[in-house]
Amino acid sequence: MAEVAHAEVGHGDHHDDHHEQSFWSKYIFSTDHKIIGFQYMFTGMAMALIGGYFAYVFRMQLAFPGASIPFWGTLSPAAYNSLVTNHGTIMIFWVAMPVLIAAMGNFLIPLMIGCDDMVFPKVNRLSFQIFLLSAIVLIISFFVPGGGFGGAWTAYPPLSAKAEFNATPFGAPLWLIAVTLEIVAFLLGGINFITTTMNARAKGMKMYDIPIIVWMIVIASILFMCSVGPLVAGAVMLLFDQTMGTAFFDANAGGDPVLWQHLFWFFGHPEVYVVLLPAMGIVGEVTCTFARKKLFAYKLILYSSVGLGILSFFVWAHHQFISGVDPRATYLFTTTTLLISIPVAIIMFAYIATLYGGSIRFTTAMLFGLAFTGEFLLGGVTGIWLGSSGTDIYLHDTYFVLAHFHYTFVPIAIIATFAAIYYWFPKMFGRKMNETWGKIHFWGTIIPFNGIFIPLFILGAGGQHRRIYNYQNFPDLAGADMQDMRVFATVSLIIMLIFQLVFIVNFIVSLKRGEKAGKNPWKANTLEWITESPPPHGNFGATMPEVYRGPYEYSVEGREKDYWPQNEKPEPENR
Amino acid sequence: MAGHNHPSYLKIYIILVVLFAVSVIGPEVAPMFGAYAKAVVLLTAFGIAIWKAYLVCAYFMHLKFEKVYAPYILLACLSLLFVFFFGTATDAMFSNGHNWFKDLDEEAMVKEAEARSYVLNKDSHGDHGDHGHGAHDDHGDEDKAH
Amino acid sequence: MAHQIIATGRSRTGIPTGRLAVWWVIGSEILIFGGLIASYLLNRFNHGPSWSVEAANTNTFIGACNTFWLLTSSLFVVYAHAASERRDAAKTRMWIWLTILLGGFFMGFKTYEYATEIHHGFTLFTSNFWSFYYTATGLHGFHVLCGMVILALIAERDVKHEKNWHRVENIGLYWHFVDIVWIFLFPLMYIAK
């Protein structure tokens, strides 16, 4: 273990080395965790634009079937399938994962635990490069003959396994390769996050001094690593089925298509919590800082999220209640599914209890944080009907399911991400974002969001099936009587997308002209706020910080200031 | 890791080789146990595989002397596999379920497999029609090597 | 490298960072191979009679030889680790190259085995048993190949220049893991008939 003993000298004396770096080595091939975090964030944002555009196109088709869609043209059924599939894939694998885990993890973990970089900077860079490659492969797959993969993001065989079923002979394997590459990228990144947090914490930082978001990202990375293995094996099998003609999932030749569903959902359900936990962590940080109050029940939140992680491995078959799983097993999976709402509820209540008696500041970040709590609650509560195998038989594959998981995923991937960006933007770029425009953006996002998905709940409860290209052709599955609500949802979506322009403009203008933030604009405690904004290479200058207390010591009685940075030395008489 | 009192690597290796030999010989001597033949094969094959894996993990990978985190990481991953297996087994492992069945003709699959089997067809006078578990013919291995 | 990253040198758990990461890599690999093996077992239990007829065609002799090569290479790589702790570059390199040699034996026997199976008419597409057989042993063979390449790189780039000694142990852990996977694949594919 001789390699452990390095002298802990900061990077202050190395500054001269880094001045004459070229654009390429500084921003493209950098091993600096902050730059890699930005790379993930901007790639994720670009992919979000593509995913949002896809959503716009197919929602237009649903509202006005057969009409020529502005910025697209007439939508064919095959292209519709391809758009729905890739909208789902992009939003989960190329938006939620990179922005919430990779970007936030990369940017925040070393800063928050008080070290200068990830423990494996080069692996970190490799992870982003593989991720970028996966995004490029996915984008290429839209332009090959037959178009992008059209077998839904869950890729159930036989639809996904045979080109004669999904009509995308090249799109399907490319999609699968892109997803596998993306998984590899996050395995590398996840190992980095976990190892960094386990091993590289600042002096004095004990288990319970770690900010909750770091915990959440680490637990999420562990969940990802532990759940994705069977899917990797399954992806190899499915790729062989698609390209070479094996019959792993072909029932006619002795294979088992339901096996894929198990392999997929054994990953797919923990994946929900993989993206949920970082979002919860962001909201915890934001809520606590702007309530100016100690986080309520830190340890309980922590234990609940660990319990949530463990339970999440026992619920996956609730996605398969009507696809032929043993009805006796559904008892078990119904029970565990309903149980898993308990830890989530505990965390939610802890956040609400944090607000109680605090002096709340309604900054944009706080608004988004509070909106997450409220909107996610709706998403969680509607899950009860889908988790119970009896009601699921009626609701399965209707718009109710769709509205339910969008009520969970949009708060996670959109609302919590905005909270994070508004909150850490000053640290990332040294300037604050404009609060007025931020609030306009907030209301322009939240109200249309509910406008999209509340009608879809009603549609689903009315028995309207999802994945129907044109309701006029399938009177049994989708009726004309509810068409007004589809139009309403589509209009809401367009309004929501237009308001994202406010965010983009605000983001770009604030980069140049925003109010200078200084080191600690929000008066927060965690370690990232003690360094410059933006942090220099090496993060903390010449001396690395030392930690003396937990991250949430706000409004401590008998102190002049209402915050107490983690690294501030205690007064001698307090000891 | 120096300074730990672990047994010599060579000793562990010799145990591993002996175990390995037992696992290879297992199926050959199993018919002698009659009704228990299948159990003997399973025990010598998989019981010994687990034992071997334990020895490699504990001594070659030094897990016995490692900090507690490492074995916990591996055991957690391993236990999740069992979760996956048993959750999936209720339908992927069976041909008939509570209200469904897989339309598969196992008899026909056996016939097909026998028709293309190299071991069964290379000498047609053998009495290799038996396709049960464990009762494996005892003259195949050396012949197959060339 | 212009400078050393402080974070890499810290070790709050007491496990050096590189080794801790290898444990996590192995943990995720357990689930990748485990997912494949679990799928194989589920099918095997479902199609017991026909699959045991198929499995009778696998070559136990070659499988046994390969088990032996990997077991022995595990011993060699642990000797390499022991030598690296004594900072004995010559011995370390020797044991690493012997390990690679045995890995080469493994791959050679594997190639011969695949060739005979294909010659006997058993390809990836013959039936699901053979699909699993080739996928599982192929994925494992790919790991052996990767291990050999990394071992060679460590021997020639690090050990030769007497630096990064901890890498010998880390690649050793990976190599043992690959050995353990084979310890389970061997009875699954070759003995259980």
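This is a predicted model: local features need pLDDT of at least 70, side-chain atom pairs count only at pLDDT 80 or more; totals for chains, interfaces and linings use all residues.
Residues are numbered from 1 along each chain as written, and chains are lettered from A in the order written. Local features need pLDDT of at least 70, side-chain atom pairs count only at pLDDT 80 or more, and totals for chains, interfaces and linings use all residues.

**Exercise 1.** Classify the packing of H2(A) (residues 33-63) and H4(A) (residues 121-141). Helices are DSSP runs of H or I, at least four residues, numbered from the N terminus.

*Solution.* The axes, lines fitted to C-alpha atoms over the stretch in contact, come within 10 Å and cross at roughly 15°. Therefore H2(A) is roughly parallel to H4(A) (angle under 35 degrees). Next, list partners: A:Tyr40 and A:Met47 are among the H2(A) residues, A:Phe128 and A:Leu132 among those of H4(A). The contact residues comprise seven nonpolar, four polar and one charged. Asp, Glu, Lys and Arg count as charged; Ala, Val, Leu, Ile, Met, Phe, Trp, Tyr, Cys and Pro as nonpolar; the others, Gly among them, as polar.

**Exercise 2.** Describe the side of chain C that touches chain B.

*Solution.* Count first: 51 residues of chain C contact 53 of chain B. Helices H2 (17-46), H3 (48-55), H4 (60-85) and H7 (166-191) of chain C each give two or more residues. The chain C side divides into 27 nonpolar, 20 polar and four charged residues.

Key
Axes are lines fitted to C-alpha atoms, for helices over the stretch in contact, and angles run from 0 to 180 degrees between N-to-C directions. Angles under 35 degrees count as roughly parallel, over 145 as roughly antiparallel, 65 to 115 as roughly perpendicular and the rest as oblique. Two residues are in contact if their C-beta atoms, placed from the backbone, lie within 7 Å.
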